[in-house]
Amino acid sequence: MSAPSIPNLLTLRGSRGGSRGRGRGGSHRGSSSGPSASHDTTIQGTDADAAVSRLSAVELDYLIDPFASYFVAPSPPPFHSGPGPGLPTPRRLPIINRGTYTRTTAIDILIHRFLSSTFSTGKPRQIVSLGAGTDTRCFRLFTSSQKHQNIHYHEIDFPVIISKKNTLIRTVPALNGILSPPMPLPNPATNQSYVSKQHANPETGNTLTLHPLDLRFFPSAPSSLPGLSQECPTLLLSECCLCYLPPSTASDIITSFTSCFPSLGLVIYEPILPGDAFGRMMISNLGARGVTMPTLAVYQTQEDQERRLLEAGFREVRSRTVDQIWEEWVGEGERERVDGLERLDEVEEWKLLAGHYVVVWGWNEGEGVRLEVGRGDDDEGDETE
């Protein structure tokens with residue numbers, strides 16, 4: 001495909017109704033003051049776009065997520081007047097909805113591999129989500145039919161983002177019906193962290209801890225964060241988060257975990273291939289929004305991403321592009337179901353776009369941590385063995 005015919009990603013990120021937003025490819029971390037405040041605000045704004053993309057996929061039956069709507073703000077005036085909900089959620093293009101579905105499915109599969117492989121340890125399993133933002137995965141896990149137990153979920157993000165999530169948990173019945181009101185914890189690193197317990201089923205031992213922290217000032221010892229123990233199996237998640245940090249800072253965060261967490265897994269979702277025509281247009285379009293990804297210049301290929309994890313100390317490393325995940329991890333019957341939701345005319349564009357995003361993951365096999373995935377593994381795993 002020649003460069004002029006490559007789809008404009010600023011167009012792809014929009015809705016059919018012309019709404020602002022894009023498929024989730026950004027993140028949201030940094031401080032709220034100083035010379036970088038404007039860039040921080042721009043990066044934070046991509047989380048709102050991601051929430052809309054998630055809700056678009058949910059409302060079209062790509063995904064099941066009863067919590068997605070609570071994290072999308074109603075349309076403001078002049079589009080929304082008077083009490084009650086705003087306009088219907090903008091519908092993303094089919095190519096974006098499929099991307100949201102595939103990425104979400106891939107990370108869900110890896111999380112469930114982690115949980116099933118560490119179930120027999122009897123220890124709490126820790127999931128640490130960097131730049132979690134409006135992500136609803138914690139709520140979905142805690143209400144899953146798998147009846148997960150001993151999950152200590154940690155979310156780290158801008159103080160303003162954590163404050164909003166804290167408020168939602170306190171005020172939205174569907175959320176505070178699952179979790180207790182967040183209670184403050186002393187935290188020398190971030191001044192204040194908050195913990196919520198799954199009070200609907202307290203016997204599960206599941207908790208959510210919110211850490212308001214600029215990742216550019218991440219502590220050298222992650223276990224200094226309240227409730228985070230280096231003795232427990234831990235899974236670290238970065239969905240387009242570390243790519244917004246300087247490469248050295250991103251590497252330091254990863255090695256701060258690998259150096260003292262013997263039972264560790266890591267899942268990263270990021271763009272790749274900035275050097276071809278599509279990649280250059282992708283970077284240009286992100287730049288038009290004021291968004292830069294410093295690590296993209298360092299980890300340009302799938303192989304670079306795998307090398308990154310090996311150099312950080314992971315013994316086992318794997319990767320798949322989003323188009324590979326769609327073909328290899330999503331079963332034939334499920335692909336047929338998703339294909340039937342919307343007509344996808346942009347097949348070549350889908351392969352281009354999906355080929356420019358990768359999921360890379362690694363693990364050390366302490367405490368039984370294993371993240372092996374086979375073809376057609378679109379299941380939730382099993383914690384009853």
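Buried means under 20% relative accessible area. The views below show a predicted model.

**View 1. Strand β9, covered on both faces.** Strand β9 spans residues 357–363. Because 7 of the 7 residues of β9 are buried, the strand is largely enclosed by the rest of the structure.

View 2. Strands β7 and β9 run antiparallel and are joined by 7 bridges. Within this pairing, L266 has G362 of β9 as its bridge partner, and P271 is partnered by Y357 of β9. Strand β8, residues 316–321, also pairs with β9 in the antiparallel sense, over 6 bridges. There, the bridge partner of E316 is W363 in β9.

**View 3. Strand β7, residue by residue.** L264, L266, I268 and E270 point one way from β7. G265, V267, Y269 and P271 point the other way, and the residues of both sets are all buried.

**View 4. Strands β6 and β7 with the helix that links them.** Strand β6 is made of residues 234–239 and runs parallel to β7, with 6 bridges joining the two. E239 stands opposite Y269 in β7. From β6 the chain passes through helix α7, residues 247–258, to reach β7, and this β-α-β crossover is right-handed.

**View 5. Positions annotated in UniProt.** An unreviewed UniProt entry places the feature "binding site" at R103, G131, D214, L215 and E239. One of these, G131, sits in the loop between β1 (125–130) and α4 (137–142). G131 has a relative accessible area of 2%, so this residue counts as buried. E239, also listed in the UniProt entry, is the residue that stands opposite Y269 in β7.

View 6. D214, another position that the UniProt entry lists under "binding site", is found in the loop between β5 (207–212) and β6. With a relative accessibility of 9%, D214 counts as buried, because the cut-off is under 20%. A polar atom of the D214 side chain lies 2.9 Å from the backbone nitrogen of R216.

Notes: Residues numbered from 1 in each chain as written. Predicted model: local features only at pLDDT ≥ 70, side-chain atom pairs only at ≥ 80, totals over all residues. Heavy atoms only, no water. Buried < 20%, exposed > 50% of the residue type's maximum accessible area, 1.4 Å probe, protein only. Helix = DSSP H or I, 4+ residues; strand = E, 2+ residues; numbered from the N terminus. Pairing = 2+ DSSP bridges. Right-handed = clockwise from strand over helix to strand, strands pointing away. UniProt positions renumbered as here; feature names shortened; annotations may be inferred. Polar contact = N/O pair within 3.5 Å; in protein donor to acceptor, adjacent residues only side chain to side chain.
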